[in-house]
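Subject: Handover of a structure and notes on its contents

Dear colleague,

Please find below the structure I would like to pass to you. My notes come after it.

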Amino acid sequence: MKNSNEVGQALAKGVSPQEDECDFFMGKRVSNIIFPPLGDLSSFFFKGTIFTNVSFCDFSFYGADLGESTFINCCFDKCSMAKAGFYKTRLVNCTFKESSFQGARIIEGKIENCASVSYTHLRAHETEADL
């Protein structure tokens, strides 16, 4: 992949990076998509990647290098970031639903206006809205 636009278009079409393309996401911008289920992403490097308005569901970033990446207005639903490296990573206005950070290393990173939301909490708001 040569540029950020191609990465987003490829993902939207269901094209998955191959194992030998571990730098598939490095330094790219990925925005306004529901990230397709690619399975275990632990062997990929995300250094310098900027994710904006991206929804991740049922992903494993187990042990992945997420250093110097930025996540803005992203949603993580049932994701595992266990033992992932977050060196200088920014998480801004993100929500985490049933996601795990067990053993993650967050060094010099920034977490701004993020929230962990349970499905029980969301259901309560849906019920209130229906009344």
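The notes below go from the overall fold to the strands, the core, the aromatic rings and the cysteines.

The model is a predicted one, in which local features need pLDDT of at least 70 and side-chain atom pairs count only at pLDDT 80 or more, while totals for chains, interfaces and linings use all residues. Residues are numbered from 1 along each chain as its sequence is written, and side-chain values use heavy atoms, with hydrogens and water left out.

Overall fold. The protein contains two helices and eight strands; these are DSSP runs, helices being H or I of at least four residues and strands E of at least two, numbered from the N terminus. Their order from the N terminus is α-β-β-β-β-β-β-β-β-α. Of the 131 residues, 34% are buried, where buried means under 20% relative accessible area, exposed over 50%, and partly exposed in between (1.4 Å probe, protein chains only). The accessible surface is about 7,600 Å², and carbon and sulfur atoms account for 49% of that area; the areas come from the Shrake-Rupley method with a 1.4 Å probe, and for residues only the protein chains shown count as cover. Among contacts (heavy atoms within 4.5 Å) between residues at least 6 apart in sequence, 7% join residues at least 24 apart.

Strand pairing. Two strands are taken to pair if DSSP finds at least two bridges between them. Strands β1 and β2 are parallel and share five bridges, with Ile-34 bridged to Ser-55 in β2. Strand β2 also runs parallel to β3, through three bridges, and Phe-51 stands opposite Phe-71 in β3. A further three bridges join β2 in parallel to β4 (residues 75–77), where Phe-76 stands opposite Phe-56. Thr-70 belongs to β3 (residues 70–72) and is buried at 13% relative accessibility. Leaving out residues up to four places away in sequence, Thr-70 touches Thr-49, Ile-50, Phe-51 and Arg-90.

Nonpolar core. A nonpolar core is a set of buried Ala, Val, Leu, Ile, Met, Phe, Trp, Tyr and Cys residues joined through side-chain atoms within 4.5 Å. The largest one has 23 residues, and Phe-56 and Phe-76 touch the most other members. The elements that give two or more residues to this core are β1 (29–34) and β2 (50–57), and β2 provides the largest share, three residues. Beyond four places in sequence, the residues that Phe-76 touches include Phe-56, Phe-61, Phe-71 and Met-81.

Aromatic rings. Rings of Phe, Tyr and Trp (its six-membered ring) pair if their centres lie within 6.5 Å; planes under 30 degrees apart count as stacked, over 60 as edge-to-face and the rest as tilted. This rule gives eleven aromatic pairs. The rings of Phe-56 and Phe-59 are edge-to-face, because their centres are 5.8 Å apart and their planes at 85°. Phe-56 and Phe-71 are also edge-to-face, with centres 6.1 Å apart and planes at 65°. Phe-56 lies in β2 and Phe-71 in β3, so this pair ties together parts that are 15 residues apart in sequence. Phe-56 is buried at 0% relative accessibility, and Phe-71 is buried at 1%.

Cysteines. There are zero disulfides, a disulfide being a pair of cysteine sulfur atoms within 2.5 Å. The sulfur of Cys-75 has its closest cysteine sulfur in Cys-79, at 7.9 Å, which is too far for a bond. For Cys-79, the closest cysteine sulfur is in Cys-57, at 6.7 Å, again too far for a bond.

Kind regards
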